[in-house]
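Dear colleague,

Please find below the structure that I am handing over to you, followed by a summary of what was found in it. I would be grateful if you read the summary with the structure open.

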Amino acid sequence: MINLKIELRNVSKRFKRNIILEDVNIDFEEGQIYGFIGRNGTGKTVLLKLICGYMNATSGEIIFDGKILN
């Protein structure tokens, strides 16, 4: 059985001078269910867009199944 994994290593996202995400480190493993909870404007949607590849991270690495995506 292959265990797919998505890893975020020191992922940051900035828009001009606004820091939206700073040094995010998370591991997502196959077969698990995850959710994001937080107030409006805290970066939940930006994080999902980074993982899906709709945006590029300012810094850090997004790794899917051992391959760096960004």
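**Surroundings of Lys13**

Beyond its neighbours within four places in sequence, Lys13 is in contact with Asn18, Ile19, Ile20, Leu21, Val46, Leu50, Met55, Asn56, Ala57 and Thr58. Please bear in mind that this is a predicted model. Lys13 belongs to strand 1, which covers residues 5–15. The residue is buried, yet Lys13 has no salt bridge. The nearest side chain of opposite charge is that of Asp23, 14 Å away. The side chain of Lys13 does, however, reach the backbone oxygen of Asn56, at 2.9 Å.

Four strands form an open sheet in the order 2-1-3-4, and their pairing is antiparallel. At the edges lie strand 2 (18–29) and strand 4 (67–68), each of which pairs on one side only. In general, strands of a sheet pair through backbone hydrogen bonds, either parallel or antiparallel.

Strand 1 and strand 2 run antiparallel and are joined by eight bridges.

Strand 3 spans residues 59–64 and includes Ser59. Is Ser59 buried, partly exposed or exposed? Ser59 is partly exposed, because its relative accessible area is 32%, and the partly exposed class lies between under 20% for buried and over 50% for exposed. Leaving aside neighbours within four places in sequence, Ser59 is in contact with Asn10, Val11 and Ser12. Ser59 and Lys16 are 43 residues apart in sequence, and their C-alpha atoms are 14 Å apart in space.

**The nonpolar core**

Which residues make up the largest nonpolar core? This core has 11 residues, namely Leu8, Val11, Leu21, Val24, Phe28, Val46, Leu47, Leu50, Ile51, Ala57 and Ile62. Strand 1, strand 2 and helix 1 (44–52) are the elements that give two or more residues to this core. Helix 1 provides the largest share, four residues. In soluble globular proteins, nonpolar side chains tend to be buried together. One core member, Ile51, touches Ile6, Leu8, Phe28 and Ile62, not counting residues up to four places away in sequence.

With kind regards

Technical notes: Residues numbered from 1 in each chain as written. Predicted model: local features only at pLDDT ≥ 70, side-chain atom pairs only at ≥ 80, totals over all residues. Heavy atoms only, no water. Buried < 20%, exposed > 50% of the residue type's maximum accessible area, 1.4 Å probe, protein only. Lys, Arg positive; Asp, Glu negative; His and termini not counted. Salt bridge = Lys/Arg side-chain N within 4 Å of Asp/Glu carboxyl O. Polar contact = N/O pair within 3.5 Å; in protein donor to acceptor, adjacent residues only side chain to side chain. Contact = heavy atoms within 4.5 Å. Pairing = 2+ DSSP bridges. Core = buried A, V, L, I, M, F, W, Y, C linked by side-chain atoms within 4.5 Å.
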